Amino acid sequence: FPSKTIKFVVPFGPGSGTDTSARYFAKKLQDLTGQAVVVENKPGANGFLAVKQVLTAPADGYTVFIGSNSTLAVNAALFKELPYDPVKDFAPLTMMMRAPAMLVVPPGSPNGDLKSLIAYAKAHPGKANFGAGSAGYQLMGELLNDRAGLQTVHVPFKSAGETMTAVASGTVDFAFAEVTAVLELAKGGRVKILAVAADQRVPNALDVPTMSEAGLPGFEAYTWVGAMVSAKTPTAETAKLAALFTTIAKMDETRAFYERLGATPMTGGPAQMHEFQKGEIALWKRIVQQAKVPLQ
């Protein structure tokens with residue numbers, strides 16, 4: 001094992017950080033094993049379609065779920081009932097990367113900084129809106145509502161790519177998106193970045209202030225990507241995949257790849273990912289309660 005083609009199932013469309021990570025790891029895994037690795041995008045329904053595909057496939061290690069904070073943690077906080085258990089139904093392989101979210105507005109937006117966006121939203125309660133391509137980004141928007149005392153409206157999209165298209169066209173007033181999905185668009189003038197939701201500025205966007213510097217102290221929000229297989233997968237195959245994924249995560253080339261995107265590789269194996277995931281679920285459940293976000 002592996003002795004045939006491996007499939008990575010991604011719950012978002014092309015252009016997302018999850019997809020970028022999946023394609024990078026697919027190439028490296030192919031190099032390490034000599035077996036073909038294909039990436040299949042299955043966006044929509046809050047990741048439920050992709051999860052169902054993975055959990056109904058043969059549990060033989062040849063179908064890998066490339067999940068994110070949305071599908072593996074936030075959904076557990078945001079939905080009254082899930083058609084899957086993000087902890088019990090999966091066996092973790094390893095974390096892959098973490099990236100800070102960026103707050104973006106349309107290129108023609110009159111709001112040139114965070115304070116003006118907040119002032120605009122306060123002047124238009126219930127009318128100002130934000131786009132989100134997943135539950136994770138929705139909660140980042142709701143967190144902004146809570147921290148800044150706003151009443152902006154969530155507009156759902158299928159992916160980060162769709163959300164950025166909506167921002168670029170001015171369909172929505174603002175959005176949060178991971179740095180990997182934003183920087184090139186901003187360089188091309190398609191979106192305008194107001195702030196990065198991190199504890200420090202991003203090395204390849206040093207002109208972008210943190211949310212704290214821009215006027216909202218302590219506001220941080222990160223996206224992350226990790227690999228899982230069905231919990232029914234035999235232990236030997238799970239361990240072999242986990243070892244391969246961890247090897248890729250620890251490569252100098254992987255660190256360089258993510259740093260170019262403004263992200264950071266995460267190199268913990270299955271045990272660390274399990275603990276990290278449980279901590280993230282608890283964090284977002286607390287935020288949902290604090291912000292009084294209605295459960296779906």
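Student: Let's start with F90: is it buried or exposed?
Tutor: Keep in mind that this is a predicted model. F90 sits in strand β4. The cut-off for buried is under 20% relative accessible area. F90 has a relative accessible area of 4%, so it counts as buried.

Student: How far apart in space are F90 and A231, C-alpha to C-alpha?
Tutor: Along the sequence, 141 residues separate F90 from A231. From C-alpha to C-alpha, the spacing of F90 and A231 is 4.3 Å.

Student: What about V225, buried or exposed?
Tutor: V225 belongs to strand β9, residues 222-230. Leaving out neighbours within four places in sequence, its contacts include G17, T18, S21, I66 and M96. With a relative accessible area of 1%, V225 is buried.

Student: What separation do the C-alpha atoms of V225 and V51 have?
Tutor: V225 and V51 are 174 residues apart along the chain. Their C-alpha atoms are separated by 15 Å.

Student: On to the helices: how are α1 and α9 oriented to each other?
Tutor: Helix α1 covers residues 17-33 and helix α9 covers residues 235-249. Their axes are 10 Å apart, and the packing angle is about 115°. Angles of 65 to 115 degrees count as roughly perpendicular. That is why α1 and α9 are described as roughly perpendicular.

Student: What classes of residue make the contact of α1 with α9?
Tutor: The crossing of these two helices is right-handed. From α1 come Y24, F25, K28, L29, L32 and T33, and from α9 come L244, F245, T247, I248 and A249. Sorted by class, the contact of α1 with α9 has two polar residues, one charged and eight nonpolar.

Student: And how do α1 and α10 lie relative to each other?
Tutor: The axes of α1 and α10 come within 12 Å. They cross at roughly 160°, and angles over 145 degrees count as roughly antiparallel. So α1 and α10 are roughly antiparallel.

Student: How does the contact of α1 with α10 divide by class?
Tutor: α1 passes α10 in a right-handed crossing. T20, S21, Y24, F25 and K28 are the α1 residues there, meeting E253, T254, F257, Y258 and L261 in α10. By class, the contact of α1 with α10 has two charged, three polar and five nonpolar residues.

Student: Which elements do the buried residues of α7 pack against?
Tutor: Helix α7 runs over residues 179-187, and its buried residues are V179, T180, A181, V182, L183 and L185. After α7 comes G189, with a positive phi near 80°. The buried residues of α7 pack against α1, β4, α6, β7, β8 and α10.

Student: Which residues touch the most other members in the largest nonpolar core?
Tutor: In soluble globular proteins, nonpolar side chains tend to be buried together. The largest nonpolar core here has 52 residues. M211, for one, is in contact with L103, L114, L144, F176, A195, V196, A197, L216 and F219, leaving aside neighbours within four places in sequence. The residues touching the most other core members are L144, F176, M211 and F219.

Student: What is omega for the peptide bond from F1 to P2?
Tutor: P2 is in the segment before β1. Most peptide bonds are trans. The bond from F1 to P2 is cis, with omega near -5°.

Conventions. Residues are numbered from 1 along each chain as its sequence is written. This is a predicted model: local features need pLDDT of at least 70, side-chain atom pairs count only at pLDDT 80 or more; totals for chains, interfaces and linings use all residues. Side-chain values use heavy atoms; hydrogens and water are left out. Axes are lines fitted to C-alpha atoms, for helices over the stretch in contact, and angles run from 0 to 180 degrees between N-to-C directions. Helices (H or I, at least four residues) and strands (E, at least two) are DSSP runs, numbered from the N terminus. Angles under 35 degrees count as roughly parallel, over 145 as roughly antiparallel, 65 to 115 as roughly perpendicular and the rest as oblique. A crossing is left-handed if the near helix is turned anticlockwise from the far one by less than a right angle, and right-handed if clockwise. Contact means heavy atoms within 4.5 Å. Ala, Val, Leu, Ile, Met, Phe, Trp, Tyr, Cys and Pro count as nonpolar, Asp, Glu, Lys and Arg as charged, and the others, Gly among them, as polar. Buried means under 20% relative accessible area, exposed over 50%, partly exposed in between (1.4 Å probe, protein chains only). A nonpolar core is a set of buried Ala, Val, Leu, Ile, Met, Phe, Trp, Tyr and Cys residues joined through side-chain atoms within 4.5 Å.
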